Amino acid sequence: MPVRPAMASISFSTITTFFIFILTSSSCSASTPSTKTTPHPFKKIYAFGDSFTDTGNTRSVSGPSGFGHVGNPPYGITFFHRPTNRYSDGRLVIDFIAESLSLPYLQPYRNRVSNASSSDASHGVNFAVAGSTAINHDFFVKNNLTLDITPQSIMSQLNWFNKFLETQGRKAGNFDDALFWVGEIGVNDYAYTLGSSIPGDTIQKLGISSVTSFLQALLKKGAKYVVVQGLPISGCLPLAMSLAAEDDRDSIGCVKSVNDQTSAHNLVLQAKLQELRKQFPHAVITYADYWNAYYTVMKNPSQYGFKVSFKACCGSGDPYNFNVFAVCGTPSASACSNPSQYINWDGVHLTEAMYKVITDMFVSGKATHPPFSYLLDMKLRHG
């Protein structure tokens with residue numbers, strides 16, 4: 001879907017500056033194990049995605065280092081009580097999924113690369129990295145859209161996964177005991193090209209093609225249980241709200257052009273997933289409807305315990321408590337005292353409380369198709 005004129009008029013350099021702040025490096029991660037004891041069918045999780053799923057892969061010095069805010073307080077303040085290189089005040093969806101399966105929190109892949117002796121992969125690995133794109137980095141290089149964006153894409157994560165398998169003495173095989181969780185991937189692609197001459201439908205086509213190839217590669221390797229998250233309603237993020245024209249709003253007060261774009265993307269993605277189900281009938285591929293889960297909360301936030309819908313808990317400036325020059329984790333920013341009442345954490349990412357609500361919708365089946373319980377049942381039936 002092409003970008004609406006109100007959004008397209010913003011210069012590319014300005015847009016990129018706003019989005020660079022999700023591409024940081026930090027040295028912290030967390031591996032606090034789950035305290036649940038109920039047995040579940042999976043022994044490990046392999047996770048992929050961007051900053052909504054990343055639990056520490058951006059800490060490497062090989063990535064962008066101009067913004068180290070995610071390694072500073074108050075990130076991590078709610079649950080870990082210290083920064084863990086998660087883009088939130090606490091746990092992410094992938095952390096709650098691990099808890100629901102009675103598994104420890106996933107170690108980031110780059111922890112293994114830098115310190116393999118102390119990194120346990122017996123319960124899985126997280127390959128997600130903040131700022132990652134669906135489209136390969138070369139595309140952005142050719143179109144002079146790189147600046148300081150992360151060079152990793154979803155296919156980079158596939159390469160990491162392949163290297164990891166080699167260290168385990170395998171290239172493919174039996175993954176019956178593994179859940180493959182593919183977090184949201186694609187929002188950054190639209191963000192990096194916003195304000196450029198590249199139409200949104202081109203990004204949609206290339207992005208979904210890349211994700212489809214990635215999923216086919218996993219399935220050919222033997223992945224049998226796969227969950228794929230769609231894009232969120234990113235038009236409800238304070239960042240998008242602060243950039244868009246005031247008349248570009250939908251029925252819930254978010255940026256209509258952006259939400260329409262991600263909705264259209266998700267429809268095509270779901271059609272591709274249906275094709276993959278036919279190509280790989282022995283696999284269970286579940287779609288996690290991030291867009292509608294988020295939308296459901298935004299329609300009635302008080303029902304889920306939220307009092308603040310659009311304003312970021314951590315940041316600075318009016319009206320959304322978001323300013324790219326004083327983002328969360330920098331000296332000029334401050335955090336609210338009650339993150340659990342906020343949907344948004346830092347202007348781009350969500351609070352632990354919001355991630356928990358979304359995860360509950362995924363696990364309960366309200367926002368997963370087929371339901372997550374069906375995937376678990378199929379695993380129990382087939383061992």
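Reader: Why is Cys314 called buried?

Author: Happy to explain: buried means under 20% relative accessible area, exposed over 50%, and partly exposed in between, using a 1.4 Å probe and protein chains only. Cys314 has 0% relative accessibility, so Cys314 counts as buried. Please keep in mind that this is a predicted model, where local features need pLDDT of at least 70 and side-chain atom pairs count only at pLDDT 80 or more, while totals for chains, interfaces and linings use all residues. Residues are numbered from 1 along each chain as its sequence is written, and side-chain values use heavy atoms, with hydrogens and water left out.

Reader: What makes Cys314 and Cys328 a disulfide?

Author: A disulfide is a pair of cysteine sulfur atoms within 2.5 Å. The sulfur atoms of Cys314 and Cys328 are 2.1 Å apart, so the pair meets that definition.

Reader: Why is the disulfide of Cys314 and Cys328 called right-handed?

Author: The torsion about its S-S bond is about 90 degrees, so the link of Cys314 and Cys328 is right-handed.

Reader: Which parts does the pair of Cys314 and Cys328 tie together?

Author: Cys314 lies in strand E7, whereas Cys328 sits in the loop between E7 and E8, so the parts tied together are 14 residues apart in sequence. Helices (H or I, at least four residues) and strands (E, at least two) are DSSP runs, numbered from the N terminus.

Reader: And Cys328, buried or exposed?

Author: Buried, because the relative accessible area of Cys328 is 1%.

Reader: How do you know that Cys236 and Cys254 are joined?

Author: Their S to S distance is 1.9 Å, and they form a disulfide. With 105 degrees about the S-S bond, this link of Cys236 and Cys254 is right-handed. The pair connects distant parts of the chain, 18 residues apart: Cys236 in the loop between strand E5 (225–229) and helix H9 (238–243), and Cys254 in the loop between H9 and helix H10 (256–279).

Reader: Why does Cys236 count as buried, and what about Cys254?

Author: Cys236 has 1% relative accessibility, so Cys236 counts as buried. Cys254 is buried too, because its relative accessible area is 0%.

Reader: What makes the link of Cys313 and Cys336 left-handed?

Author: Here the angle about the S-S bond is -100 degrees, and the link of Cys313 and Cys336 is left-handed. Their S to S distance in this disulfide is 2.0 Å. Cys313 and Cys336 are both buried.

Reader: How many disulfides does the structure hold, and what is the pairing?

Author: There are three disulfides. With the bonded cysteines of the protein chain numbered in sequence order, the pairing reads 1-2, 3-6, 4-5.
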